[in-house]
Amino acid sequence: APPLATRLRHALGRRWIALTTTLLVVIPALADLLPAAKTAPFHWMAIDTFYYLTIGRNLARTGRFTYDGARSTNGFHPLWQLFVGLTELVRERAGLGELGLFFAVIGSVLAVGGAVWLLGLTLLRARRLHPGFVLLPVGVYPLLVLPLWIFGLDLIEKAHKPHWRLPVFGTPWSYMNGMESGLALLLFALSLFLITAPSATRSVKASAAVGAALAAFTLARLDHGLIAAPMLAGHALACLRRGRRREAASAVVAFTALLLPYLLINRVHFGSFVPLSGAAKTTFPHFNPEHAQLIRSLFHGELKTSPWWLPNACREAQIVLPPLLALVYLVVRLARRRRSARLDGALVFAAVGVLLLGAYNFCFGLYLHQGYWYFPVSTLLPTLFLLAARPPRGRFSALRSPRLSRVSAAASLVAAALSLAFFARYHLHAEYNADFLRFHDRTVPEIKARYPQGLPPFIEVDDGVLSYWLDTPAQSFLLALDREG
């Protein structure tokens, strides 16, 4: 019988790069989370996770989407809210105590891992998968913004605010945050995988699956419909160029059929096609000058000694930098003027979507409501642009070969070591969000002792933290999850 290593190599084939990268993304997260399921999720979470947890707990108890336990709300991205509602139902029925945050974060870990795996398979099918894929956990955008973190973290240290030690946003790890970001990445990766399949333009069923996946991608994070819509248009055009009208129509019909009921329910029950919270975060159609003013202030050095420099700089970077990189990619693709493969065409239309999303948020998004988790696909795509590029013939053939050789294995080990070093140095900050952990451990028991009969109803300004941990009916004010609040 052949040696075990040989059998494994034949079994994995060219998938070893995708598998290695997926494990490189998932294992460090699980190694940190699993030994401390009640405390470790705090330095992974985005604080708005507690909005989902509060509504999810109420959904598990009442069967209704409600923040205050009485009035219905639509202030959430629906697919992730359904998932959190399910995990809260399991937690409550199984008596699992305070593991709600852990389940939300683990869900996003698995979603991001699934996205990395699907992206690897997509590149493999396009004959673009090579050991450079192992660098995906770091990627182009995080490396470009790393100088901002190096400068800003120094200011945070000088201000003695260790709980402000932000992880570098834009890595796959940064979207393992208990929010919808990981699910959006997973469904984008699924959409890309389906669009680039040979059968996508040849089969009505396969084309309908593309439309359904893009609709699910939109329902995972609603503003990413600005990316899904150009991708759908690109797929429909590809079908029409081949004379496949039925395939083009099936994708559009599937997309519309899944999205339209959600939009109509919003319109009928809440008076707007978009969620209440979404309407509260935009000035559309009126231009909002906040982002232009803040960028000007950053360049003029007005915050150069403030710990607020990094939170402001990274919010603006995620809005401005990915569209600029997408524009460069589009110019390069246009200049090359050669026939595009399926993957290249899909990435072109995704790049158009990134431009639309960035422009919309820059022109109409309120600064205060630009979360660090809002742009998972925008910050990922620059890395895909690079990985999917065709190398000059004859260059780096040993490194770019998908077959497991000594050279490619060595290159992968080096890339993995660099990624893990980045993770340890710039992502894993145990003190990040420690103030919320202290609130949970110290303040919540004090408040409950002070009000042994339960707290009176109150209005919560932000985050859902009080509503969830105190388990008391509360109305949401800042993001308008409740009109009354």
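Ala, Val, Leu, Ile, Met, Phe, Trp, Tyr, Cys and Pro count here as nonpolar, Asp, Glu, Lys and Arg as charged, and the others, Gly among them, as polar. The model is a predicted one, where local features need pLDDT of at least 70 and side-chain atom pairs count only at pLDDT 80 or more, while totals for chains, interfaces and linings use all residues. Residues are numbered from 1 along each chain as its sequence is written, and side-chain values use heavy atoms, with hydrogens and water left out.

Pockets come first. On a 1 Å grid over the protein atoms alone, a pocket is an open set of points where a 1.4 Å probe fits, with protein on both sides within 12 Å along at least five of seven lines; lining residues have an atom within 4 Å of a point. The volume is the space filled by probe spheres set on the points, which are joined across faces, edges and corners.

The largest pocket holds about 930 Å³ of space. Its lining has 40 residues, with His 77, Leu 222, Asp 223, Pro 275 and Gly 278 closest to the centre. By type, that lining splits into 22 nonpolar, 13 polar and 5 charged residues. Helices are DSSP runs (H or I, at least four residues), numbered from the N terminus. H10 gives the largest share of this lining, 5 residues.

The second largest pocket comes to about 800 Å³. Among its 35 lining residues, Ile 47, Arg 315, Tyr 372, Trp 373 and Asp 463 sit nearest the centre. Helix H13 (309–336) and helix H18 (434–450) each contribute at least two lining residues, and the lining as a whole counts 21 nonpolar, 8 polar and 6 charged.
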